[in-house]
Number of protein chains: 4
Amino acid sequence: MIEVGRKVWAIAEGYIPGQSVSQEHALVSHEAACMLNAGNEDAEVTITLFFTDRDPVGPYRVTVPARRTLHLRFNDLDDPAPVPRDTSYSAVIVSTVPIVVQHSRLDSRNPAISLLSTVAFPV
Amino acid sequence: MIEVGRKVWAIAEGYIPGQSVSQEHALVSHEAACMLNAGNEDAEVTITLFFTDRDPVGPYRVTVPARRTLHLRFNDLDDPAPVPRDTSYSAVIVSTVPIVVQHSRLDSRNPAISLLSTVAFPV
Amino acid sequence: MIEVGRKVWAIAEGYIPGQSVSQEHALVSHEAACMLNAGNEDAEVTITLFFTDRDPVGPYRVTVPARRTLHLRFNDLDDPAPVPRDTSYSAVIVSTVPIVVQHSRLDSRNPAISLLSTVAFPV
Amino acid sequence: MIEVGRKVWAIAEGYIPGQSVSQEHALVSHEAACMLNAGNEDAEVTITLFFTDRDPVGPYRVTVPARRTLHLRFNDLDDPAPVPRDTSYSAVIVSTVPIVVQHSRLDSRNPAISLLSTVAFPV
């Protein structure tokens with residue numbers, strides 16, 4: 001199989017709204033990194049978060065198994081520290097094997113939810 | 001004519017909301033892969049879907065004729081199996097000739113529909 | 001000055017909703033190709049539209065002057081033919097000098113307008 | 001550390017809506033350039049704005065410190081001149097060291113806010 005993806009990705013615009021119109025899992029305000037590992041080896045992934053006025057936090061560690069996808073919510077990260085809400089951040093994602101990373105946000109501060117999604121920047 | 005596009009594309013973030021505020025075709029919650037074949041040869045396209053906790057499903061097969069565009073709804077795929085709703089997935093798209101692929105979602109769980117669109121990742 | 005951009009761009013997902021909640025120019029449903037010419041020579045741009053079940057239409061011709069930006073609404077194209085509403089299409093954009101192209105849609109079928117924007121695919 | 005990003009970026013589609021449903025900082029209509037500097041040297045960044053029918057304006061100058069992110073609102077730029085509202089513009093961003101740039105808009109003309117975000121075009 002051909003290699004699908006890159007080993008380093010960057011997401012410049014991170015922001016988890018602190019408010020949600022609903023606490024239902026699908027509709028709570030959240031950000032996610034959707035990571036596709038189309039290859040035959042597990043991907044060991046480390047995530048580092050960057051902030052405006054303090055040192056980077058990380059690494060967060062996660063595995064994306066071979067031939068699987070993982071839609072990871074930044075809301076769920078808590079080791080070494082939870083991701084602060086209502087705070088601008090960026091993320092650098094490094095994988096042991098090529099993956100594809102897409103970034104999305106569901107903003108439900110408003111009853112009319114708003115979505116955005118972009119392919120992360122491949123380094 | 002110059003070649004427009006690539007032969008392999010990846011969409012990391014797939015998700016078809018199971019709810020829709022309307023069953024009107026244009027407004028039902030859906031995801032689409034918009035595929036442009038600007039060349040003079042038909043594109044034979046195969047799509048493989050990746051999931052969180054089970055093996056990939058596919059290939060789905062579709063033709064994009066020469067000098068045509070195809071806005072394919074993932075909702076309409078059913079061979080070898082329909083795409084589950086409310087379920088995270090990813091897609092790898094392989095074409096016999098260069099094409100351009102864009103991914104979009106219309107989320108109409110809410111009366112205020114929400115749209116997103118990204119160019120897929122060219123491999 | 002360094003060259004900013006590419007000479008060929010593709011937009012796979014085109015669709016102008018036929019309905020608008022308002023006929024105010026800023027809020028009518030529309031699609032635009034935002035073209036930046038950061039260089040010192042005028043850009044002569046030709047646009048070809050591709051459809052699902054008929055031959056391509058074009059070229060549409062437009063000039064983006066040196067050191068200017070042009071936010072061109074597809075709604076306003078009419079030579080050689082207007083762009084049909086509620087119809088899937090794609091576009092290939094060719095320029096005599098490097099430009100940067102971004103594609104956007106404002107969908108105001110619903111009182112809660114929805115926006116999307118993506119950088120076009122650079123060929 | 002590997003270099004993350006590029007030194008020149010372009011945003012073709014700029015537009016700050018002049019209306020906002022709320023004057024709350026988080027919800028006022030705005031555009032931002034989110035700039036990640038994952039390296040160990042400060043990034044000295046200059047921004048030039050391009051318009052439809054007048055000469056470019058700039059440079060605007062800003063620093064993104066080493067290992068920090070800066071989510072810069074175009075609304076806040078005022079030297080050499082504020083960014084006009086309800087006006088199409090484009091931006092070219094040049095940095096002394098590699099950075100990653102993402103562009104976003106929050107449109108709150110409507111009570112149902114609408115978001116968009118794209119990775120800027122890396123030159």
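**View 1. Pro122(C) in its strand.** Pro122(C) belongs to strand β8 of chain C, which covers residues 121-122. Strands here are DSSP runs of E with at least two residues, helices are runs of H or I with at least four residues, and both are numbered from the N terminus. This is a predicted model, where local features need pLDDT of at least 70, side-chain atom pairs count only at pLDDT 80 or more, and totals for chains, interfaces and linings use all residues. Residues are numbered from 1 along each chain as its sequence is written, with chains lettered from A and ligands numbered from 1 in the order in which they are written.

**View 2. Around Pro122(C).** Pro122(C) counts as partly exposed because 17 other C-beta atoms lie within 10 Å. For that label, buried takes 20 or more other C-beta atoms within 10 Å, exposed takes 12 or fewer, and partly exposed is in between, with C-beta atoms placed from the backbone. Leaving out residues up to four places away in sequence, Pro122(C) touches Arg6(C) and Trp9(C). A contact means C-beta atoms, placed from the backbone, within 7 Å. Val8(C) sits 114 residues away along the chain, yet its C-alpha atom is 6.2 Å from that of Pro122(C).

**View 3. Chain A as a whole.** Buried residues make up 50% of the 123 residues in chain A. Of the chain A contacts with a separation of 6 or more, 68% join residues 24 or more positions apart.

Notes
Contact = placed C-beta atoms within 7 Å.
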